[in-house]
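Student: I am new to this structure. Can you show me how to read its features, one at a time?
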Amino acid sequence: MVQQPASTSLKTLRDLVMNMDSRIRFAGILDREGRLLEGGMRNSVVPLLAHGKDDLFYLRTVSRIRDLKKFRSNLGELEYIYIKMEKLSFVSLSLRDEKTLLVSMEPDTDPSFIVPAIKNVLVE
């Protein structure tokens, strides 16, 4: 789990992540029920999901994290989930207070760059 500083507001966190790289399409913070607390698409990006499908995507993201955390006693703490698809890739990181940071990127974006950069922002 990545520790989000107490002083960092959700909007500030979202803005910091969005400003890291122009290939980031979306950054959002989800609650434990998969509701978007803060976030959104970059202005120049066309959404890939039909209107209304994003809520289901968010719910499945937090469910996946919750399911994997059940194995932490055997496998260790979950650092992040990275999924690469044909049209985009995304990273999910577990934050404190049962929140999830979801970042979608262009499919050619290398997570080995973006994950440490996100962790550095969260630790500062």
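Student: Is Lys11 buried, partly exposed or exposed?

Tutor: This is a predicted model, so every value here is computed from it. Exposure is read from relative accessible area: under 20% is buried, over 50% is exposed, and partly exposed lies in between. Lys11 has 46%, so Lys11 is partly exposed.

Student: Which side chain does Lys11 meet in a salt bridge?

Tutor: The general idea is a side-chain nitrogen of Lys or Arg within 4 Å of a carboxyl oxygen of Asp or Glu. Here Lys11 meets Asp15, at 3.0 Å from N to O. Asp15 is also partly exposed, with a relative accessible area of 25%.

Student: Why are Lys11 and Asp15 separated by about one helical turn?

Tutor: Look at their places in the sequence. Both sit in helix α1, residues 10–18, and they are four residues apart, so about one helical turn separates them.

Student: Which residues are linked with them in a network?

Tutor: Arg14 joins in. Lys11, Arg14 and Asp15 are linked in a network of salt bridges.

Student: How many salt bridges are there by this rule?

Tutor: The count comes to nine. One of them pairs Glu33 with Arg32, at 3.3 Å from N to O. Glu33 is partly exposed at 39%. Arg32 is partly exposed too, with a relative accessible area of 39%.

Student: What is the N to O distance between Glu77 and Arg72?

Tutor: Their side chains meet at 3.8 Å, in a salt bridge. The cut-off is 4 Å, so this pair counts. Glu77 is exposed, at 52% relative accessibility. Arg72 is partly exposed, at 39%.

Student: Now the nonpolar surface. Which residues make a patch there?

Tutor: Leu68, Phe71 and Leu75 make a nonpolar surface patch of about 320 Å². To join a patch, a residue needs over 30% relative accessible area and no salt bridge. Leu68 has 39% relative accessibility, so Leu68 counts as partly exposed.

Student: Where is Leu68 placed?

Tutor: Leu68 is in helix α2, which covers residues 53–69.

Terms used
Residues are numbered from 1 along each chain as its sequence is written. This is a predicted model: local features need pLDDT of at least 70, side-chain atom pairs count only at pLDDT 80 or more; totals for chains, interfaces and linings use all residues. Side-chain values use heavy atoms; hydrogens and water are left out. Patches are made of residues with over 30% relative accessible area and no salt bridge: like charges are joined within 9 Å, nonpolar side chains (Val, Leu, Ile, Met, Phe, Trp, Tyr) within 5 Å. Accessible areas come from the Shrake-Rupley method with a 1.4 Å probe; for residues, only the protein chains shown count as cover. Helices (H or I, at least four residues) and strands (E, at least two) are DSSP runs, numbered from the N terminus. Buried means under 20% relative accessible area, exposed over 50%, partly exposed in between (1.4 Å probe, protein chains only).
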